[in-house]
Amino acid sequence: MLIITVLGIILVVLGLWGMLTQKNIIKIIIGFSIMDTGTHLLIVSIGYIKDRTAPIMDKAVGNASQVIDPVPSALVLTAIVIGLAVTALMLTYAIKLFEIRKSLDINDFKELKW
Amino acid sequence: MVKQLFIIITLVFLVIMLLPLMTEVKPFEDLSLVSQKYVNAGPDELGSQNLVTAVVVTYRGLDTLGEVAVLFIATAGIGFFLRKKAVEEKDMKSKASVLVRTGTALLLPLILLLGVYIFLHGHLTPGGGFQGGVVIASGILLLMLAQSDIKINISLLYWIESLSGAFYVIIGILGLALAGGFLDNRFLPLGDFGRLFSAGAIPIIYSLIGLKVGAELVGILNNMQRSQ
Amino acid sequence: MVNPIYIFIIALGVGFLLSLFEKAGKILTMTVFYSALAIMTFISGQWLIALIRGTEIMTLTTAGFPPPFSINLRMGLEEAFFTFFINSLGILAGIFLAPKFRSEKVYGMVLYLMMFMGMNGLVMTRDMFNLFVFMEITSVATVSLIAIDRNLKSVSAGFKYVIASGLASTFFLLGTIFLYRFTGLLNIEMMAEALNYASGQAVFLSVFILLISIIIELKPFPANGWALDVYEAADCGVVSVIAAGVSAAMLYVFIKISALLNQNLMITAAGIGTVTFLFSNLLALKQDNARRLLGYSSIGQIGLIYSAFSFFRLAGFTPGDQTVLLVVGGLFVNHFFAKAGLFWLAGIVKKDKSDEWAGLRSSPLLLFAFAVFILALAGLPPFPGFFAKWQLVMVLSAKGMFPAIGFILLGSFLEAIYLFRWLGKVLKTDPFEPIKIKPWEAFPVAVYLLAIILTGGFLSGIINQGSSLSVLYLPVLFVIVLFMLDFLPVLVKNSLVIVVFSYYTFRIMPQLSGYRIMFGIIFLLGGILLFIPGYIKKGRRLGFYPLAVMMYVGLAGLLLSENTLQFFTSWELMTLGSYFLIIRGKKSEPHALSYMLFSMGGAFVMLLGFGVLYHVNGHLLELATLARIPDMTGIIYSLLTLGFLTKMASIGLHIWLPGAHGEAETDVSPMVSAILLKAGMFGMVVLMSAIPAVKIGFIDIPYVLGWLGAITIFLGNLLAIYQEDAKRLLAYSSVGNLGYVLFGLALMSHLGWLTSITYALNHFLFKAMLFLAIGGVVYRVGTKNMYEMGGLIKNMPISFISVLIGIIALSGVPPLSGFAGKWLTYNAILQKGWYLQGAVVIIGGLIAFLYCFRLIYAVFLGQIKDRNRQVKEAPLALLIPQVILMIAIMVFSVLPGAVLRPVGKFLENIFPAGGLNWQAGTAFTEYGYWNGYWIMMVTGGMFMMVLIWLLFIDRKAQKVKQFNIVYAAERPFRPETTHVGYNFFAHYRKALGSLSRPYVTKFWDTLTDITHSSADFIRKLYNGNGQTYIFHILLFVVVVYFISFGG
């Protein structure tokens, strides 16, 4: 068990806690962001191999047995950027919601139901 | 607080559910099947010293193109969304302090330079187009903070964004036409391993991504700033 | 052929550059935009055609490395199919949204293009992580477009959506990365091969997380509140893309992912889908917002599709199997076209409430499209959903998955309820506000209308399993031609129908044999006869002829059908046509709905019966196999019987009939009463002649049916006597009459069947005549209430005579044909020894006298109302068929042998013993003999003698004026209470009150109430709070995990 895996899952659950309990939309988005970060940590933790270094094949690194798995690193890069895009969009929504109703309380947006 | 209790119980069950991921899953002992090939053959096949870059730009190039697209869509979405320009003037904001303004003047060129350096050397050192783009955007953000009344040349942003995106796609097509497949970087010579001009089209792609990401992030910042 | 990668290149390239084009003008930008969509459609369409013709599947590798080292895409038949549909939707919805794109910033078009690029990617990619990227592309673009209107509703809906889909994609990412840990691969197929569930719980968990994230994207019940809000709030054009396009792409993702699932997870997916289908449709019952209703329906349909796929996988089918393609493809196409079309219509109508949609009537095209989409969703022929559902039920039956079928059929039934309620409201609500139709909005609807009809035809061709539906093709083609000729006046269309129908009958009749001849006479000859009254109508009578003919097509199809598929298709066509006939009446809307719901319910039960039959008899469809069922006979028999009895309106299932028949138009009432009711009987005859004896446990089913028939006779007739409305009286009397038919069949003896079949013919004759005559009176007098009639004998003598003959034939007194029926019935009862039932039947027969008397007395005798003094005889078009029917009754009465002998002869095949012995014109049984000719002579002679005697003693009789109250027992011309005929049998009501209370109606009402209130209760869980929806999702994930893990 890697400490970083545990940390990732803790962040995911913490983020979810934030999303479920905070009333302020901005805080909910922060919760989402925390959850997202937790996921990224998990991805990175998957690629990690003990006692190895980054997969940059310069002169310091001689052969394949000295580097970690480059795939999760590549994936996490994509995931981070996408997470950024989604968060930005959520924030935009928050701005728009505030603009319309002058409130950021999630309980104030319940027109549609049933 | 029955509701809180429900949430806690659910989350506890979620943790119980996720427990096997912590207890059962061990980290890799060795490279996976795919990454073995990347690590062993990557440097020769693609000529990129940074293997993460090789994976990002070429092996999984379509992901990256998609990723660029996501960012592009988010920018477009935000621009689409916040179309209403704020009517009120922004001069109610207090001007930034002298320290910030001087610091900005001093740091901005360096930050921009660092950004360019990062994306140009994406195939050699840690970093790449996205990181470079973000650094560039952070420089502009600093500028915005320092001079809140500054007008960003939106039209220029569009041009950079659109053209760099289009060229990225064109490079992809060139890969399809001249080399092994869409987004193959090997239609340009691989050059000397470890040099700036190496790894085929990777530096070009990363530069385009860097420009595009930079422009997009600036666009997002600009939109959000204007709408407040 | 163009490399499919160009779909992405075009979309991305144009997307990136579009904002530059904007500088050169909107027209150019839009041209480029639509060209891009067109090219994308072209590429996928080209591949679709090529792959159907057998081109090799194309595997695209990117970056020049084979999988798993690089991302690869695939263009196979499924991918071509899905991308083509999605891209065609792209163009059409794009056209629909054109004004929006024009007025908005260029970003609208960019986002739209990216959204479709994402969907294409979802369909084509074979890489797990790449799937994630395309998922995000699609959802980010979708989320941006949801708020295109930027009003509060759409923005808050969009926010809920973005949070929910963010959560789903986080789960997806988690699942993907851990699967990479276990397999070291990202390519889906290779991953599936490398996956080893035995290596630990974590593997199962990872696949589960992956699966559940896809399922969340597919909007499972109850974790779908966020999606419903979007369906309700976003722009209709955008919603059409979400409901049809994005769902389609996600559906295909599910199909791809399913390669990884083990048995347990497959069951989980199937279960979630079924539950979603059932509950979405249940909750939709209480929904009055049209778009939210469509949202519920969409979610339900998608649930059905992926559960169907999962069931098929569990049943051992490979994903590429043709049956799977037929069912999943059929259901998908059906949903796709109909839902896109309906959301567009929602955009055209611009009304939130579903009962304000009547404005559609201002455009025949849009109304037609609406009806077609609704019918397609309800799973009726000839639309794709019907064939898919049929095949689904058959396949699941073959594997014995009956609980699943039960859920699916129950869900489909709930769906039918709200769909037909909606359709009825649109067809009947008055007054309505005309809608403005813009060509760019109507065009996409028209295209998908055409598409859904064509795919229906296509599926009907490939479903056949050796049982072609070709027998129905020409007639249905005629229906289509009639739709196209609908602009012609009634005179032309009526004549055309009569001519073509006659020709068809002339061709069909020689092909029939046995009891089918009898039904052929009723369905076909009777059908022609009953088109004659149509001449009383003027104008165009839009929609009448195609649908009336469709009903007859169904009836003829029943006669010709040799297997269950043909039978069921015909049955549904008949139901469909008759529904539209019934709903034409002024106040028919609730009654037509109730008719349709009983019919649909009956049809689903019947379908289940056919499914069980398919299961036990070695997967054959032939109707003939009914005669050699090895197992589960009782179940099959009961299910089919239940289905048929709904059409026969046996007591308990009869509540639709009085309204439906009573409120129908003048010439429709006889059609649906005299002819259509016999369809149920035909089914019973087919069934019972194949299965002579059947028991469930100790219960002898025909014995039960016998009692049911007897009680139906008694109660049907009893209820008839209290009616004030002449047509309802006739309608209730039909309930009783069909009771005789059922009773006779249930006797399961030669005489019983002889009774039943002749009674059916008889009922056709007298009920058609009575409905025409009374219809004529109503037509002239302008009311159906008998207390507003009276004394019409002089004004309408021919109608009087036909009612007189009709009631004599009905009540079964000598000398007319009804007596033959009675005599045979009593003989049959004695023969069988059902004395108690016999007593009920006889009492029921006595009650019939009461309403017969009332019918003739209250309408034609007594005092005439002032208002009715100028009333003329009914129009010729109504009288001619009456006269023909009169002659037929007379002939039948004098020469009963002409009918009884051939029928008896045929019945000897089924019941060799116990028939009639004929000596010349006299029939003998063990209890007596009977000769129709002599009865006519004797009765006629007695009548003449009495008449002469009366004339002799009443020589001094004098005519009195109407208001000479010395001779008349009423005070004329006052409200209904002064009419002797009003509430005529009040004293019986006092005596027999408890029997006539509407228990049955109450039962169905209560059932309806319970269903609705439970729907209302459950849907409260969608409280509108985005946070609650997140909680729903999380709870859903956890609960499903522990269920599927434990189970």
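Start by selecting C:Lys350: this residue sits just after helix 14 of chain C and takes a positive phi of about 60 degrees. Keep in mind as you look around that this is a predicted model.

Now step back into helix 14 itself, residues 322-349 of chain C. Its 28 residues reach 39 Å from the first C-alpha to the last, close to the 40 Å expected at 1.5 Å a residue.

Next stop: a pair of helices. Select helix 16 (residues 384-398) and helix 24 (residues 589-616), both in chain C; their axes come within 8 Å and cross at roughly 45 degrees. That angle is why helix 16 of chain C counts as oblique to helix 24 of chain C. The crossing of these two is right-handed. To see who does the touching, show C:Val393, C:Met394, C:Ser397 and C:Ala398 from helix 16, then C:Leu607, C:Gly611, C:Val612, C:Tyr614 and C:His615 from helix 24. Color that set by class and you get six nonpolar, three polar and no charged residues.

Last, bring chain A into view. Here 38 residues of chain C are in contact with 32 residues of chain A. On the chain C side, pick out helix 6 (128-146), helix 7 (152-183), helix 10 (225-233) and helix 39 (1026-1046), the elements that each give two or more residues. Which of them gives the largest share? Go to helix 7 of chain C, which supplies 16 residues. Colored by class, the side of chain C that touches chain A shows 20 nonpolar, 10 polar and eight charged residues.

Methods: Residues numbered from 1 in each chain as written. Chains lettered and ligands numbered in written order. Predicted model: local features only at pLDDT ≥ 70, side-chain atom pairs only at ≥ 80, totals over all residues. Contact = placed C-beta atoms within 7 Å. Helix = DSSP H or I, 4+ residues; strand = E, 2+ residues; numbered from the N terminus. Nonpolar A, V, L, I, M, F, W, Y, C, P; charged D, E, K, R; others polar. Axes fitted to C-alpha atoms, helices over the stretch in contact; angles between N-to-C directions. Parallel < 35°, antiparallel > 145°, perpendicular 65-115°, else oblique. Left-handed = near helix turned anticlockwise from the far one by under 90°. Expected span 1.5 Å × (residues − 1).
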